[in-house]
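Colleague: Could you take a close look at how the parts of this model meet one another? I would welcome a single connected account.

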Number of protein chains: 4
Amino acid sequence: MGLEEYRRSVSENKHAAILKAGRKHFLEHGYSGAAAADIAREADVSTATLYKHFSSKEELFVAVVKDADHEEEIPPFPDNASLEDTMVAVLNNYLITHFEKNATALLRIVIAEVPGAPDLARDTFNEFIVSRYQKLADIVDQLIAHGTLKPHDSHFGVRLLIGAIKEHYIWPALFDNKTTMPEHAEDVIRQVVKDYLRLYGT
Amino acid sequence: MGLEEYRRSVSENKHAAILKAGRKHFLEHGYSGAAAADIAREADVSTATLYKHFSSKEELFVAVVKDADHEEEIPPFPDNASLEDTMVAVLNNYLITHFEKNATALLRIVIAEVPGAPDLARDTFNEFIVSRYQKLADIVDQLIAHGTLKPHDSHFGVRLLIGAIKEHYIWPALFDNKTTMPEHAEDVIRQVVKDYLRLYGT
Amino acid sequence: MGLEEYRRSVSENKHAAILKAGRKHFLEHGYSGAAAADIAREADVSTATLYKHFSSKEELFVAVVKDADHEEEIPPFPDNASLEDTMVAVLNNYLITHFEKNATALLRIVIAEVPGAPDLARDTFNEFIVSRYQKLADIVDQLIAHGTLKPHDSHFGVRLLIGAIKEHYIWPALFDNKTTMPEHAEDVIRQVVKDYLRLYGT
Amino acid sequence: MGLEEYRRSVSENKHAAILKAGRKHFLEHGYSGAAAADIAREADVSTATLYKHFSSKEELFVAVVKDADHEEEIPPFPDNASLEDTMVAVLNNYLITHFEKNATALLRIVIAEVPGAPDLARDTFNEFIVSRYQKLADIVDQLIAHGTLKPHDSHFGVRLLIGAIKEHYIWPALFDNKTTMPEHAEDVIRQVVKDYLRLYGT
DNA sequence: TATGAATGAGCCTTCATTCAT
DNA sequence: GATGAATGAAGGCTCATTCAT
């Protein structure tokens, strides 16, 4: 039906616009700092419309956070790449994705709301951190199965890798409003991978 | 002068009481969630007095954060302890200190206010994270100098250690309102140290 | 014309549905408490349609009140009943009708809107209270004409009767959200009638 | 203490001013129609101050209603007055008090809020209607004890009296925004009393 | 000096009513 | 003609900060 279709498309556009504006304001000013009226204005929508789409500020906030949390593609690795190069590429991709998503700022506001919205924080942690995590562990498990890596606790191993990288690049960014991917990260990543392979390579 | 002294001491007591109450409320409710009136009431002081001591809410906030940042004692290790045990003890102490200070909650509110108070965030990061960091690097450097560890970039090494431990215990706590020291952390710490020594021990 | 007829009937059904839904919501939540959107939803109609039928919330309100004001049937009394029994039956019917119509709630909202809708209040009072009144006075006048009652001011007499009954049952209900007919009202009614007959019976 | 006294007096003045302004606005516009901001402006006070004195609009409303409900003085009757004159005076006083207090408008807003504030309605009914009631029943009981009236159920008797008077004067006022005492009420009151004495006088 | 009352600006949310299709 | 989305104008309430004593 033409009318219905039209309405749906308009509605979806507004929905997306609100989400986008919400994301911008929440990231810039935090949860309490962002005003519903400002978000509505930014989305070129009335406050009432905003509240038709999201029944409360908190719901919009949750939607903004969940919206950012879509699947991350792990690119296929060339067959002829060395194990080291492959792992470096995977971890580098991890970092790139993180910064492309502006995940630092996002995590920042979620962290800020931990006392007020513990469920959201837990969900975000699980789906935004643990699940990315799991993907790497799966890769490690495959490599172990293929005999490319020594048998070891893949979760522990991944935490070693990711921990080091976060320590170098993500943790500082959390405190520095950094939004750009750090330069030369690959060098450090390679160094981390090298150590890892010294421990768990065959 | 006795009277003046008395007054100064009363004033200092109030100052401290406000700081303490501020710390409690900021940690519990975050920056925006903490109300000046509540903090004053908790400190048993009028709001006007609070504003005499700290000219704005933000100033109080900064003071609270800076106040939390006092020196951490690294306990002396027994001479006859093994290298592994020593390092485990140091890292365990790192974690214990973190949880005793309720540093997670503190970092949380600082992180939350990064966009609003970037200087505070930078300072906090430097004095609260980097400097603790530096202490460990110093220890590693000493161990290298003593020939107990292989020569290597001590900062890189420390980041490997601390990164893994944060990944296991601090990062999750950031999202979980956890205030208690995790149990059995020592097992994981020991595993991390073992790997580290496999890489850099002599 | 069949099509036109059909449309008119559909329209009338919607009109009635809106009226019914309006009645329900106004009675339950009062004038300000009732939301146009809720009434429309209840009537299974769009808000725009609601406003096609009633050009404002107030107009709908007036229509709801007027609609409730339909004729009340006074049942015929058996010829062989005693005067006392007859009068008790009439007054009892008065009360039953009141509660069956849920008149308490209706009067409540009209009373509430006296400052805002004085005309409606006056009309309601006249057509909903005075006219019921008049009917009883007519009966009394007939009884006087028949010589069954002593000559007296029938309006004054009816006010004595009705006043006592309202005092016992309707006035309290006005403050108590009561919607059910009080039990054993007949005993009090009979007592009132007895006194009345002692005064004005022959 | 001078300061404290001063503050208390200022505070009490504001409290009273808010109460008075609230009374005015609630009576004029009903509960939902009265805006906190308007009440505050009328009381020459900021909204925040209003909310310091009454923690919610509803609480202010309740206070307004309770405030109106202070004791009613029943004037002493001259010893040499006849029973009829005495009772007429008492009932007349009842009506006068009712209109002086502007009780009609007050009851109107309480009635309007019955669904939303049933407790207030119950309390108001008890303390504002039943207790005035009880006073008259006490008088009747005394008269019975003195042998001036025949023994009878004093509550029933009072309901007869009050019911008739309300029917004549209060019930219509409820629907008519009347704020002035009806004229010549005494004639009807006397007639009601006469009938009452025919029934229960000795 | 310390106080507690006072404030004005602002925030979240709702709702009667209109509009584009 | 009927719809559901959209709106602008409040409204209740809070809070960092100041002021009169």
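Predicted model: local features only at pLDDT ≥ 70, side-chain atom pairs only at ≥ 80, totals over all residues.

Modeller: About 470 Å² is buried between domain 1 of chain A and domain 2 of chain A, with 62% of this area on carbon and sulfur atoms. In domain 1 of chain A, the residues that lose the most area to domain 2 of chain A are R23(A), L27(A) and Y31(A), which together account for 84% of what that side buries.

The domain assignment of chain A places domain 1 at 3–55 and domain 2 at 68–200. Taken over C-alpha atoms, the centres of domain 1 of chain A and domain 2 of chain A are separated by 32 Å. In the contact, 6 residues of domain 1 of chain A meet 7 residues of domain 2 of chain A. Between domain 1 of chain A and domain 2 of chain A there are 0 salt bridges, while the count of residue pairs in polar contact, both at pLDDT 80 or more, is 1. On the side of domain 1 of chain A that touches domain 2 of chain A, the residues comprise 3 nonpolar, 2 polar and 1 charged.

The contact of chain C with chain D can be described in the same terms. About 3600 Å² is buried between chain C and chain D, and 71% of it lies on carbon and sulfur atoms. Of the area that chain C buries against chain D, 22% is supplied by E167(C), W171(C) and F175(C), more than by any other three residues. This contact draws 38 residues from chain C and 39 residues from chain D.

A salt bridge joins the side chains of K166(C) and E167(D), at 3.0 Å from N to O. Residue pairs in polar contact between chain C and chain D number 7, both residues being at pLDDT 80 or more.

The side of chain C that touches chain D receives at least two residues from each of helix 1 (2–33), helix 6 (103–112), helix 7 (118–145), helix 8 (154–174) and helix 9 (185–200) of chain C. Helix 8 of chain C gives the largest share of that side, 13 residues. By residue class, the side of chain C that touches chain D consists of 23 nonpolar, 5 polar and 10 charged residues.

Terms used
Residues numbered from 1 in each chain as written. Chains lettered and ligands numbered in written order. Heavy atoms only, no water. Contact = heavy atoms within 4.5 Å. Buried area = accessible area lost by both parts, 1.4 Å probe. Salt bridge = Lys/Arg side-chain N within 4 Å of Asp/Glu carboxyl O. Polar contact = N/O pair within 3.5 Å; in protein donor to acceptor, adjacent residues only side chain to side chain. Helix = DSSP H or I, 4+ residues; strand = E, 2+ residues; numbered from the N terminus. Nonpolar A, V, L, I, M, F, W, Y, C, P; charged D, E, K, R; others polar. Domains from an automatic or database assignment.
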